[in-house]
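Biologist: Could you put the model up so that we can go through it together? I have a handful of questions.

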Amino acid sequence: MNGIYVHIPFCNSICSYCDFPKQIAKEETKEIYMDKLIQEITEMKEQDWFKDWSKKTQSVYIGGGTPNALSLLQLERLFQALEPFLKQAKENTIEINPELLTASQVHLFKKYHIERISMGVQTFQASLLKEIRRKHTEQMVIEAVSLLRKEGISNINMDMMYGIPHQTLKDVKADVKKVLKLRVPHISYYSLIVEENTILAYQLKQNQIHIPDDDSVVDMAQYVTKRLKKKKYTHYEISNYSKAGFESIHNLGYWNCEEYIGFGAGACGYHHQKRFTHPLSLKKYYAKEVEIEPISLRESKQEFMMLGLRKLSGISIKSYYHRFQTYPKDDFDLVSLFKNGLLEEKNGFIRIKRDKIWLGNLVFEAFVGGDEVEG
Ligand code: SF4
């Protein structure tokens with residue numbers, strides 16, 4: 001099954017840790033971008049291969065940036081261009097920032113079948129929100145959730161974060177309590193990563209802040225998992241937890257190496273054994289520059305393993321064989337990973353052992369580079 005991703009690279013302010021493709025833009029820049037984006041979607045819809053491919057669209061994901069930083073008119077034009085896919089897909093998601101959500105936006109989401117909302121929250125603590133330069137308050141999150149529910153949208157994901165500068169386990173405990181109180185069916189809990197060329201990286205270099213050490217972050221992660229599992233959330237991917245039936249169809253598509261198309265500056269696509277990357281620069285995007293990179297059989301196998309093992313259920317050996325006509329053990333040297341107790345095989349699946357999920361990077365390293373194991 002196929003997915004469609006649309007990137008809106010605009011935000012009203014910049015968070016300290018963020019390295020996503022985004023910018024603060026004037027209204028005029030947004031207008032030009034939306035024209036080009038809609039043109040890209042329209043031209044794609046006219047292509048014969050895409051007409052067939054898109055019949056299998058199971059999810060549409062509008063991400064950013066901050067999609068709800070667009071005007072109502074801009075949002076509606078985008079939704080109209082995507083309407084055939086929005087009507088047919090099983091899951092349509094839009095990312096929003098709570099402080100910008102209005103009743104008119106929610107009406108528009110409903111009108112165009114967008115009934116899954118992914119809300120950037122990260123933390124409820126006022127001092128930590130200030131630290132990472134987020135603009136909302138706890139009250140704004142509560143009001144956004146209640147507005148969505150009032151309008152009949154209850155499929156809500158909350159993006160949360162641990163490892164924030166100066167955050168303690170006590171802060172994480174308070175956040176978990178608050179997020180549970182909101183009873184949303186899906187929670188993503190990410191570990192903050194210091195990426196190059198971010199405000200955070202600069203602040204760290206200047207010794208202006210300190211971030212929790214690795215052991216504290218593991219404690220936070222383990223606490224989050226324990227609490228959410230106790231409240232009947234299934235931990236189904238390293239950073240994702242959901243109530244039964246609310247797993248993200250779109251993201252599962254990525255982890256299962258299914259095909260997707262990306263529209264917009266900075267968006268990526270994967271189809272026909274190739275990776276398509278749109279440039280981050282608007283100028284280059286408007287000039288229709290796209291990087292196209294063929295994916296070798298070896299790379300496909302590596303991605304299948306690395307993305308698939310992010311899921312707690314692991315990879316299905318049968319699916320691997322169905323796709324490649326070989327078995328994982330033929331293609332990769334997994335002996336030491338099994339011997340060291342990092343991987344296990346159960347009911348036809350290879351997966352990272354539950355208590356070793358925090359050591360995922362050690363497992364993924366085994367699939368980077370190298371040649372195929374000779375038979
Ligand atoms: S709102 Fe999201 S995309 Fe925008 S700067 Fe913050 S983290 Fe980045």
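Modeller: Before we look at the sheet, a word on terms: two strands are said to pair if DSSP finds at least two bridges between them. Please also keep in mind that this is a predicted model.

Biologist: Fine. How do β5 and β6 pair, then, and over how many bridges?

Modeller: β5 and β6, the latter being residues 186-191, run in the parallel sense and are joined over six bridges. Within that pairing, Met160 has Tyr189 in β6 as its bridge partner.

Biologist: Is β5 mostly covered or mostly open?

Modeller: Mostly covered, since seven of the eight residues in strand β5, which spans 155-162, are buried.

Biologist: Switching to the ligand: which residues surround it?

Modeller: The shell consists of Cys11, Ser13, Ile14, Cys15, Tyr17, Cys18, Phe20, Lys22, Gly65, Thr66, Asn97 and Arg134. By residue class, this shell divides into six nonpolar, four polar and two charged.

Biologist: What kind of peptide bond joins Gly64 and Gly65?

Modeller: That bond is cis, with omega at about 20 degrees, and Gly65, which also belongs to the ligand shell, is found in the loop between β2 (57-64) and α3 (72-88). For context, most peptide bonds are trans.

Biologist: Which residues other than glycine have a positive phi?

Modeller: Gln273 has a phi near 60 degrees, and Gln325 likewise has a phi near 60 degrees. Gln273 lies in the loop between β10 and β11 (274-277) and is partly exposed, with a relative accessible area of 39%. Gln325 sits in the loop between α13 and α14 (328-331), and with a relative accessible area of 51% Gln325 is classed as exposed, the cut-off for that class being over 50%.

Biologist: OK, aromatics. How many pairs do you count?

Modeller: The count comes to 20 aromatic pairs, where two rings pair if their centres lie within 6.5 Å. In one of them, the rings of Tyr260 and Tyr270 have centres 6.3 Å apart and planes at 45 degrees, so this pair is tilted. Because Tyr260 lies in strand β9 (residues 260-263) and Tyr270 in strand β10 (residues 268-271), the contact ties together parts that are ten residues apart in sequence. Both Tyr260 and Tyr270 are buried.

Biologist: What about Phe304 and Tyr320, how are those rings arranged?

Modeller: Their centres are 5.6 Å apart and the planes stand at 75 degrees, so the Phe304 and Tyr320 pair is edge-to-face. Phe304 belongs to helix α12 (residues 297-308) and Tyr320 to helix α13 (residues 317-324), so here the pair ties together parts 16 residues apart in sequence. Phe304 and Tyr320 are buried too.

Biologist: Which residues form an aromatic cluster?

Modeller: Trp49, Phe50, Trp53, Phe85 and Phe263 form one such cluster.

Biologist: Last one: which charged ends sit over rings?

Modeller: The charged end of Lys36 sits over the ring of Tyr286, 5.7 Å from its centre, while that of Lys243 sits over the ring of Tyr233, 4.5 Å from its centre.

Note on methods. Residues numbered from 1 in each chain as written. Predicted model: local features only at pLDDT ≥ 70, side-chain atom pairs only at ≥ 80, totals over all residues. Heavy atoms only, no water. Near = heavy atom within 4 Å. Nonpolar A, V, L, I, M, F, W, Y, C, P; charged D, E, K, R; others polar. Buried < 20%, exposed > 50% of the residue type's maximum accessible area, 1.4 Å probe, protein only. Helix = DSSP H or I, 4+ residues; strand = E, 2+ residues; numbered from the N terminus. Phe/Tyr/Trp six-rings, centres within 6.5 Å; stacked < 30°, edge-to-face > 60°. Lys NZ or Arg CZ within 6 Å of the ring centre and 35° of its normal.
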